[in-house]
Amino acid sequence: MPEQLASRISTIITKVAQRPVDIGPDESLFDSGLLDSFALPDMVSALEQEFGIQVPDSDLTPRKFESISSIERYIESRR
Amino acid sequence: MAFFKGFGSSVPDHVVGNAEMSALTGSPVAWIENVSGITERRFAAENESVADLAVAAASACLTRCGLDASSLGMILVASGTAGRRFPGPALTVAQRLGLSGPPALDLPLPSAGSIVALALASRLAAEYGNILVIGAEKMSPVLALPPVEPGVAVLFGDGAGACIVSASGGIAEILDSAFYSDGAFAEDLRLEFDSPLKMNGRSVIMQASRKIPRVIQEVLERNRVAPADVDTFLMHQANQNLIDGVAKSLGVPSARFYSNIRHYGNTSAASMLIAAAEWAQTGGFRSGTPVVFAGFGAGFHCGALLARGV
């Protein structure tokens, strides 16, 4: 279920950012100030653990992890 | 078998604090320190070249090792900011050290250049004898090119570091090394002719955070050394937050990673050897204890090397 997926992603982002996710699904996690560059590797590691996936180096691009929606699309593509 | 004989470094006299960089770039002083851990860096004089910095570091290294330049069998110079397309600074270094004959080769690799040069030297020392490895950079003219990019210009500094790798004994044995290249992200960190440095910071951080711990783990696992047993990690001084992140990935305290980025900024290919030279002056290798060198940079290239004090 997409809503469940988005919710699980939001939970991870909340943990990594150590603050509630208060932005829309298409808003940039970075431009909004929710995450900085150095939180990005932590978020990817948490996503790998949560969803049981391995993100290859070739997929480690900022665009894929820019927003909740883009992360959702990426996770779905890996299932 | 290959060994470290010793290290040396040279940085320009001119100290540039964050207030000066703030005036130049418009970036707030507190922001500069927060995103990078840098409080000051050194900028070379206009007439001071990459080769000048390299020669000064080489001379300091030879003095500390108690060696004469005539004992050198090869010179490797890593730099991403050589002053001309060719010939590179390695030949100038050789000529100014009074050497004619031994190969003097350039590695046009910023940042990761010194770890790659070290890994190559450790493999070549048996054939060429004492190999002088230098990382030297003059980043300041690049940073000043318009349009100045505030988030990039504040990160870098100038300087040079050097070491001698030898097959005939030294202060530490080089046990193993590994290095890799991945051209998929070549556009994310690049320096075109007469243009400012272009950097996709998020991409660099993502790739570095993955690739550096992985290559360190590879070398450690191959030699059955746990990260916790490593005495000191000497990593490319790119950013304090990145150094802290790599330490966290390996499960070791950040304090195990020697850091001087606060005082010099990111001196690219020079940084790891400048750090090693300072670290060596404050104690350095201890008998039987492992030390890891690691680097990452444009390309992306990355590498790690494991040594143990004799």
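Where in chain B is the place of B:Pro147? In this predicted model, B:Pro147 sits in the loop that runs between H6 and H7 of chain B. The peptide bond joining B:Pro146 to B:Pro147 is cis, with omega about -5°. Most peptide bonds are trans.

Rolling a probe the size of a water molecule over the atoms shows where empty space is left. The structure has 1 cavity of 30 Å³ or more, and the largest cavity holds about 40 Å³ of space. Helix H6 (140–144) and helix H7 (150–153) of chain B each give at least two residues to its lining. Among the lining residues are B:Val142, B:Leu143, B:Val152 and B:Ala153, together with B:Pro196 and B:Leu197. By class, the lining of the largest cavity comprises 8 nonpolar residues, no polar residues and 1 charged residue. B:Glu149 is one of the residues that line the largest cavity.

Elsewhere in chain B, B:Ser10 is part of strand E1 (residues 2–10). B:Ser10 counts as buried because its relative accessibility is 16%, and the limit for that class is under 20%. Beyond its neighbours within four places in sequence, B:Ser10 is in contact with B:Leu53, B:Ala56, B:Ala57, B:Gly159 and B:Ala160.

Two residues call for a look at the backbone. Most residues other than glycine have a negative phi. A:Gln18, which is not a glycine, has a positive phi of about 55°. A:Gln18 is in the loop between helix H1 (2–17) and helix H2 (40–51) of chain A. With a relative accessibility of 72%, A:Gln18 counts as exposed, since exposed means over 50%. In chain B, phi of B:Ser268 is likewise positive, near 55°. B:Ser268 lies in the loop between helix H10 (261–264) and helix H11 (271–281) of chain B. What is the relative accessible area of B:Ser268, and is the residue buried or exposed? The value is 2%, so B:Ser268 is buried.

The two chains meet in a contact that takes 19 residues from chain A and 17 residues from chain B. Between them, chain A and chain B bury about 1400 Å², and 61% of this is on carbon and sulfur atoms. A:Phe38, A:Asp57 and A:Leu60 account for 47% of the area that chain A buries against chain B, more than any other three residues. Across this interface there are 7 salt bridges. A:Glu66 forms a salt bridge with B:Arg202, and their closest N and O atoms are 3.6 Å apart.

Residues from both chains also line an open space. The second largest pocket has a volume of about 550 Å³. Its lining counts 22 residues, and those closest to its centre are A:Pro41, A:Ser45, B:Ser209, B:Gly245 and B:Ser249. H2 of chain A, with helix H8 (201–222) and helix H9 (240–250) of chain B, are the elements that give two or more residues to this lining. Which element gives the most to the lining of the second largest pocket? H9(B) does, with 8 residues. By class, the lining of the second largest pocket divides into 10 nonpolar, 6 polar and 6 charged residues.

Note on methods:
Residues numbered from 1 in each chain as written. Chains lettered and ligands numbered in written order. Predicted model: local features only at pLDDT ≥ 70, side-chain atom pairs only at ≥ 80, totals over all residues. Heavy atoms only, no water. 1 Å grid on protein atoms, 1.4 Å probe; cavity = no way out; pocket = protein on both sides within 12 Å on 5 of 7 lines; lining within 4 Å. Points joined across faces, edges and corners; volume = space filled by probe spheres on them. Helix = DSSP H or I, 4+ residues; strand = E, 2+ residues; numbered from the N terminus. Nonpolar A, V, L, I, M, F, W, Y, C, P; charged D, E, K, R; others polar. Buried < 20%, exposed > 50% of the residue type's maximum accessible area, 1.4 Å probe, protein only. Contact = heavy atoms within 4.5 Å. Buried area = accessible area lost by both parts, 1.4 Å probe. Salt bridge = Lys/Arg side-chain N within 4 Å of Asp/Glu carboxyl O.
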